[in-house]
Amino acid sequence: MGVPLIQQIRIGAYLMRQRISGNQRYPLVLMLEPLFRCNLACAGCGKIDYPDSILNRRLSLEECLGASDECGAPIVSIAGGEPLLHRDIVPIVEGLTARKRFVYLCTNALLLKKRMDDFKPSPYLTFSIHLDGDREHHDKAVSQEGVFDKAVEAIKLAREKGFRVTCNTTLFEGVPPERIAKFISYASNELGVEGVTVAAGFAYERAPLKDVFLGRQKTKQLFRDLFKLRDKSWRFNQSSLYLDFLAGNQTYHCTPWGNPTRNVFGWQRPCYLLNEGTVGSFRELMETTDWDSYGTGRYEKCANCMMHCGYEPTAVADTVAHPLKALAVALRGVRTEGPMAPEISFEGQRPAEYVFESVVKAELEKAPPATAKKAKAAAEAQSSAAE
């Protein structure tokens, strides 16, 4: 595991307090999206498809720190968009680390070299660099050449300056496991990142491309094939049981409240991948969301999801409840042969509902007619295709 001891101890203590208190639903990671604006147009992300009136919005410093205080999660993942475009990103990070939150600043690293001296190395700050594989694959994924080399340069500089660095890697359709294995070895050894966060890409509703994403069965087989190639140098920024789940060895239900999302619309339910409406407070999110209506086997939109935002909290809770099982997986490695764990039944899942977000609709009503017409047509086409 690539997670430092201080973080393991503090997160472990937080989890034990929740368990002792009998809390069944609690946040583990706050997904903080202070803006949607980005300097890339990745094929698997639809954030920048919003109109300019929304892309120009920013959560204020006070709103970001207030969200952390309100939520209380020990980890804050600052995503977007590109967080380094936010003019107050430095005081946001400083305010969160002063609260002893473990901050993962998610960035494509195009601006990191320029902004790096604005930050100070800390055990509470990690630069989580988006790298979806080797040079060819990553530059294709982000639809721009040269991004991989800039990210690698930024990673090396950050490591030299004493920063914690991880890389966030999403796996898509058609990439050979041997190629992924080679990249993870490169990241762990040559780049020296603290850990790699891996996940199978999920075709969430705002993603502009859908044919690059994996289904559940393909995901499980891909990770089994990948872990057959694992060597001792690999480091992951994830729990052993979540990795075991990705390889089809655990039957888990999604726990989306573990990674609540706060963005420019409000508190988004049920998770950052789906927008089924927003509310004004974390308490309202927790108390008024019908959590039992979401997740694989419950909702058609969630059918193929195996993302960390929903299943890592489940795996972490299982680790606390069954530490010997988690230790066994960590020591022996993920099982890559034999029968897979039973799949969740899809018989009772409710059909997908496609709702044009009220906030977006209100913004488009203020936009020029051509912009509004184009955005509405795209949303309607997306809904029709999904149905």
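Is Lys 100 buried, partly exposed or exposed in this predicted model? Lys 100 is partly exposed, because its relative accessible area of 42% falls between the limits of 20% and 50%. The legends below begin with this residue.

Figure 1. Most residues other than glycine have a negative phi.

**Figure 2. Ser 143 between two helices.** The relative accessible area of Ser 143 is 48%, so the residue counts as partly exposed.

**Figure 3. The cis peptide bond from Gly 80 to Gly 81.** Omega of this bond is near 5°. Gly 81 belongs to the loop between strand S2 (75-78) and helix H4 (89-98).

**Figure 4. The cis peptide bond from Arg 269 to Pro 270.** Here omega is near 0°. Pro 270 is part of strand S8, which covers residues 266-270. Most peptide bonds are trans.

**Figure 5. The largest cavity, with a volume of about 110 Å³.** Of the 15 lining residues, Cys 254, Cys 271, Leu 274, Cys 302 and Cys 305 are the closest to the centre of this cavity. Helix H12 (residues 308-321) supplies the largest share of the lining, 3 residues. The lining of the largest cavity comprises 12 nonpolar and 3 polar residues, with no charged residues. In the whole structure, the search finds 4 cavities of 30 Å³ or more.

**Figure 6. The second largest cavity, with a volume of about 80 Å³.** Among the residues that line this cavity are Asp 132, Asp 134, His 137, Arg 179 and Phe 183. Strand S5 (164-171) and helix H8 (177-190) are the elements that each give two or more residues to the lining. The largest share, 3 residues, comes from H8. By class, the lining of the second largest cavity divides into 5 nonpolar, 3 polar and 3 charged residues.

**Figure 7. A nonpolar surface patch made by Leu 324, Leu 327 and Leu 331.** The area of the patch is about 370 Å². Leu 324 is found in helix H13, which spans residues 323-332. Leu 324 counts as exposed because its relative accessibility of 68% is over 50%.

Technical notes. Residues numbered from 1 in each chain as written. Predicted model: local features only at pLDDT ≥ 70, side-chain atom pairs only at ≥ 80, totals over all residues. Heavy atoms only, no water. 1 Å grid on protein atoms, 1.4 Å probe; cavity = no way out; pocket = protein on both sides within 12 Å on 5 of 7 lines; lining within 4 Å. Points joined across faces, edges and corners; volume = space filled by probe spheres on them. Helix = DSSP H or I, 4+ residues; strand = E, 2+ residues; numbered from the N terminus. Nonpolar A, V, L, I, M, F, W, Y, C, P; charged D, E, K, R; others polar. Patch = residues over 30% accessible without salt bridge, like charges linked within 9 Å, V, L, I, M, F, W, Y side chains within 5 Å. Areas by Shrake-Rupley, 256 points an atom, 1.4 Å probe, with all protein chains shown as cover. Salt bridge = Lys/Arg side-chain N within 4 Å of Asp/Glu carboxyl O. Buried < 20%, exposed > 50% of the residue type's maximum accessible area, 1.4 Å probe, protein only.
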